[in-house]
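Please read them with the structure open.

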Amino acid sequence: MSSGTNTATKPTALAMVICEMVLRDESTHNVSLIGLFDAITAARLPARHDRMHVFVSLTGIHGKHGCILQCKAPDERVVFEAKGEVNVQDPLAVADLNIQLRGIVFEVAGNYVFEFYCDGGLLTMRRFSVVVGE
Amino acid sequence: MQGTMVTIPKDISRPIGGDVTPIANAYFETTFNFVTAGGVLSDEELGQAALDSGTFDFWKSPGEDVYSLEDGEPV
């Protein structure tokens with residue numbers, strides 16, 4: 001899905017964070033990530049999580065690149081998938097992707113994973129767990 | 001570190017959403033809402049979900065039973 005305008009650099013993931021809130025200052029455009037977590041506790045299943053953000057920072061982007069974010073359940077089933085196109089002209093720039101998920105439902109407990117693909121290749125991943133308990 | 005959540009009926013989840021939209025140079029954001037318009041919880045359902053989630057389990061603590069009818073007169 002690359003535009004083919006650049007072969008000297010390749011997309012690289014600098015960070016992938018799961019958090020409760022992302023704030024972006026209007027004047028400075030600085031981004032603050034609030035409430036980072038890697039586990040969710042539910043009294044019972046299935047359970048809905050009201051709001052979570054997956055924040056991905058990329059660099060080495062030159063031109064258009066197709067990106068996919070997948071959330072996989074413990075049994076590898078895809079729970080959620082988001083597709084989009086990132087278009088950045090400066091390969092030295094950092095591209096931040098803020099993907100908000102409202103009301104996502106988890107049906108089973110266990111280890112889930114967010115996988116981020118760029119141009120069909122796995123770029124980075126982040127695990128988190130869903131736990132049943134008080 | 002852990003987030004918090006409430007339990008809900010299984011059949012109200014449907015993903016809706018759009019493409020990732022650039023709102024400024026090299027910053028992209030999008031929202032995916034898994035609650036359909038018809039799937040919004042009523043006040044009663046929300047209250048039941050809060051009860052089921054254990055949010056108010058602290059009321060079951062013996063320490064919450066410190067008052068009785070003898071502690072005062074009904075208003």
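Is Glu81(A) buried, partly exposed or exposed? Point 1 takes this up.

1. Glu81(A) is partly exposed, at 36% relative accessibility. The classes are buried (under 20% relative accessible area), exposed (over 50%) and partly exposed in between, with a 1.4 Å probe and protein chains only. Glu81(A) forms a salt bridge with Lys83(A), with the closest N and O atoms 3.7 Å apart. A salt bridge here is a side-chain nitrogen of Lys or Arg within 4 Å of a carboxyl oxygen of Asp or Glu. The side chain of Glu81(A) also makes a polar contact with the side chain of Gln70(A), at 2.5 Å. A polar contact is a pair of N or O atoms within 3.5 Å; within protein, one must be able to donate a hydrogen and the other to accept it, and residues adjacent in sequence count only if both atoms are side-chain atoms. Gln70(A) sits in strand β5 of chain A. Gln70(A) is buried, at 12% relative accessibility.

2. Basis of the values. This is a predicted model: local features need pLDDT of at least 70, side-chain atom pairs count only at pLDDT 80 or more, and totals for chains, interfaces and linings use all residues. Residues are numbered from 1 along each chain as its sequence is written, chains are lettered from A and ligands numbered from 1 in the order in which they are written, and side-chain values use heavy atoms, leaving out hydrogens and water.

3. Chain A overall. Chain A has zero helices and nine strands. Helices (H or I, at least four residues) and strands (E, at least two) are DSSP runs, numbered from the N terminus. Of the 134 residues in chain A, 48% are buried.

4. The core. The largest nonpolar core holds 33 residues. Such a core is a set of buried Ala, Val, Leu, Ile, Met, Phe, Trp, Tyr and Cys residues joined through side-chain atoms within 4.5 Å. Leu69(A), Phe80(A), Leu101(A), Phe114(A) and Phe128(A) touch the most other members. Elements giving two or more residues to this core include β1, β4 and β9 (121-132) of chain A, and also β5 (27-35) of chain B. The largest share, six residues, comes from β7(A).

5. Other salt bridges. The count over all chains is three. Asp50(A) and Arg102(A) pair through their side chains, at 3.3 Å from N to O. Asp50(A) is in strand β4 and Arg102(A) in strand β7 of chain A, so the pair ties together parts 52 residues apart in sequence. Arg102(A) is partly exposed, at 28%. Glu115(A) and Lys72(A) form a salt bridge, with the closest N and O atoms 3.0 Å apart. This pair joins strand β8 to strand β5 of chain A, so parts 43 residues apart in sequence are tied together. Both Glu115(A) and Lys72(A) are buried.

6. Cysteines. A disulfide requires a pair of cysteine sulfur atoms within 2.5 Å. The structure holds zero disulfides over all chains. Cys118(A) is buried, at 7% relative accessibility. Cys71(A) is buried too, at 0%.

7. Backbone points to check. The peptide bond joining Leu45(A) and Pro46(A) is cis, with omega about 0°. Pro46(A) is in the loop between β3 (39-42) and β4 (47-59) of chain A. Two residues other than glycine follow. His29(A) has a positive phi, near 65°. His29(A) is in the loop between β1 (12-24) and β2 (31-36), and is partly exposed at 41%. Glu76(A) has a positive phi of about 75°. Glu76(A) is in the loop between β5 and β6 (78-88), and is exposed at 53%.

8. A buried histidine. His65(A) lies in strand β5 (residues 63-72) of chain A. His65(A) is buried, with a relative accessible area of 5%. The side chain of His65(A) reaches the backbone oxygen of His62(A) at 3.3 Å.
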